[in-house]
Amino acid sequence: MVYDIAISGLGPAGATFLRRISGKGFKIIGFDRENFPRKKLCAGGLTPKAYNLLKGLFPEIDRVVRVQSKRFILINGSNRAEVSADTPLAYLADREELDNFLFNSISNQDFEIHTGEAVLSLEKEDGFWRVRTDKGTYTARVVIAADGVNSRIARQFNVNRNIGFTYEVDVEFEWDDSILIDFSNFSWGYYWIFPKGDFVTTGLGEFKSKTKGLKGKLFQFNKKHGIEGKIRFQKGFPIPAGKRKNDVYRERLLLLGDAGGLVDPLTGEGIYYAVKSGIIAAEVVAKSFEEGNLEILKLYRELVDRVMGSEFFWAKVVGNLFFKFKRLNFYVIQRIPEVGSLTAALLTGEVSYKEGIRDYYKLLPKSLVRF
């Protein structure tokens with residue numbers, strides 16, 4: 001059998017792609033190396049824009065939201081600032097529960113789904129893709145790679161991604177609904193505490209370089225903030241960072257989410273971009289089949305760069321300004337409520353980075369007068 005589409009990876013990006021393309025009559029086969037539910041260690045923070053995007057696609061998403069956080073605690077050395085809002089600044093989920101919910105939402109639809117089967121490589125033959133897995137070989141016209149940062153497909157095709165590193169741990173510990181972010185002693189990264197109800201996920205990441213000793217550094221931060229308890233799971237893993245121009249397309253091959261490096265290079269937030277890339281890919285793939293012209297698939301890269309590339313570029317600009325002048329920025333956040341509110345809006349994605357820089361410089365004269 002020749003499939004119209006083969007997709008590797010059924011996490012947020014893959015599930016979104018399948019949800020959006022469902023019902024259009026395409027022959028689709030999907031693979032995931034794991035069986036669901038699967039353990040996926042992740043901070044599990046949904047920004048409001050990520051939550052709203054998922055809510056529109058999967059209306060029952062609240063079933064797997066464990067905590068709605070309305071307060072951020074920001075730390076840098078001895079400096080502490082708090083920002084809060086009347087509405088949630090972040091929605092916290094356990095990625096095992098979130099991914100299982102998304103998978104169950106699409107698994108009973110009109111697709112052939114193979115879990116516990118890993119895609120190993122792709123080969124072009126007579127204008128089709130031969131998809132080789134650890135259990136067989138399949139033929140498809142178009143391939144979607146949504147198999148995460150460790151994507152075999154991304155490695156096979158030497159996809160150009162900037163990679164940082166994180167280490168995370170789930171700890172049984174009582175914490176309120178606030179999110180804590182500690183920027184102390186990071187050149188470009190931070191430590192976090194994300195509450196999940198009966199446990200917290202703590203972690204840290206460096207997004208500019210390979211940093212040794214992340215595990216030891218994480219447990220030092222946990223001790224600093226009094227986080228101790230039974231460890232449910234811990235793991236280190238790479239994390240990509242998005243760019244202005246993203247390497248997300250080969251002929252009839254589209255790379256989504258982490259597989260394509262589509263992650264905020266400042267905050268490390270990737271769920272929104274995974275979901276958004278799934279939506280864009282589904283629209284482009286559907287259009288290409290409906291018009292009988294697979295050359296239209298090239299639009300995917302153009303649309304990703306148009307929708308996300310500029311935001312990734314400005315994220316780096318903001319990051320350079322923030323980390324270069326951390327002490328000054330904390331001083332301003334602590335003393336100027338409007339800057340604190342703007343910081344919260346940037347962290348949650350409600351204000352674009354470009355708009356954030358514009359608004360920050362509008363606030364500077366008022367800030368200087370107050371000093």
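Analyst: We begin with accessibility: a residue is called buried under 20% relative accessible area, exposed over 50%, and partly exposed in between. Please bear in mind throughout that this is a predicted model.

User: Which residues make up the nonpolar surface patch?

Analyst: The general idea is that a patch takes residues with over 30% relative accessible area and no salt bridge. In this structure, Leu321, Phe325, Leu328, Tyr331 and Tyr361 make a nonpolar surface patch of about 470 Å².

User: Which residues gather in the patch of positive charge?

Analyst: On the surface, Arg33, Lys40, Arg155 and Lys235 gather in such a patch. Lys235 belongs to strand β16 (residues 231-241). With a relative accessible area of 44%, Lys235 is partly exposed.

User: Let us turn to the rings. What describes a pair of aromatic rings?

Analyst: Two quantities describe a pair of aromatic rings: the distance of the centres and the angle of the planes. Centres must lie within 6.5 Å for a pair to count. By this rule, the count comes to 20 aromatic pairs. One of them joins Phe322 and Phe323, with 5.1 Å centre to centre and 85 degrees between the planes. An angle over 60 degrees is edge-to-face, so the pair of Phe322 and Phe323 is placed in that class. Phe322 also pairs with Phe330, at 6.3 Å centre to centre and 50 degrees between the planes, and this pair is tilted.

User: Are Phe322, Phe323 and Phe330 buried or exposed?

Analyst: Phe322 is buried at 16% relative accessibility. Phe323 is buried with a relative accessible area of 11%, and Phe330 is buried with a value of 0%.

User: Which residues do ring pairs link into a cluster?

Analyst: The cluster linked by ring pairs consists of Phe183, Trp188, Tyr190, Trp192, Phe322, Phe323 and Phe330.

User: Finally, where is Leu254 found, and how many residues separate Leu254 from Thr201 in sequence?

Analyst: Leu254 is found in strand β18 (residues 253-255). Its relative accessibility is 0%, so Leu254 counts as buried. Leu254 and Thr201 are 53 residues apart in sequence, and their C-alpha atoms are 32 Å apart in space.

How values were computed:
Residues numbered from 1 in each chain as written. Predicted model: local features only at pLDDT ≥ 70, side-chain atom pairs only at ≥ 80, totals over all residues. Heavy atoms only, no water. Patch = residues over 30% accessible without salt bridge, like charges linked within 9 Å, V, L, I, M, F, W, Y side chains within 5 Å. Areas by Shrake-Rupley, 256 points an atom, 1.4 Å probe, with all protein chains shown as cover. Salt bridge = Lys/Arg side-chain N within 4 Å of Asp/Glu carboxyl O. Lys, Arg positive; Asp, Glu negative; His and termini not counted. Charge placed at Lys NZ, Arg CZ, Asp CG, Glu CD. Helix = DSSP H or I, 4+ residues; strand = E, 2+ residues; numbered from the N terminus. Buried < 20%, exposed > 50% of the residue type's maximum accessible area, 1.4 Å probe, protein only. Phe/Tyr/Trp six-rings, centres within 6.5 Å; stacked < 30°, edge-to-face > 60°.
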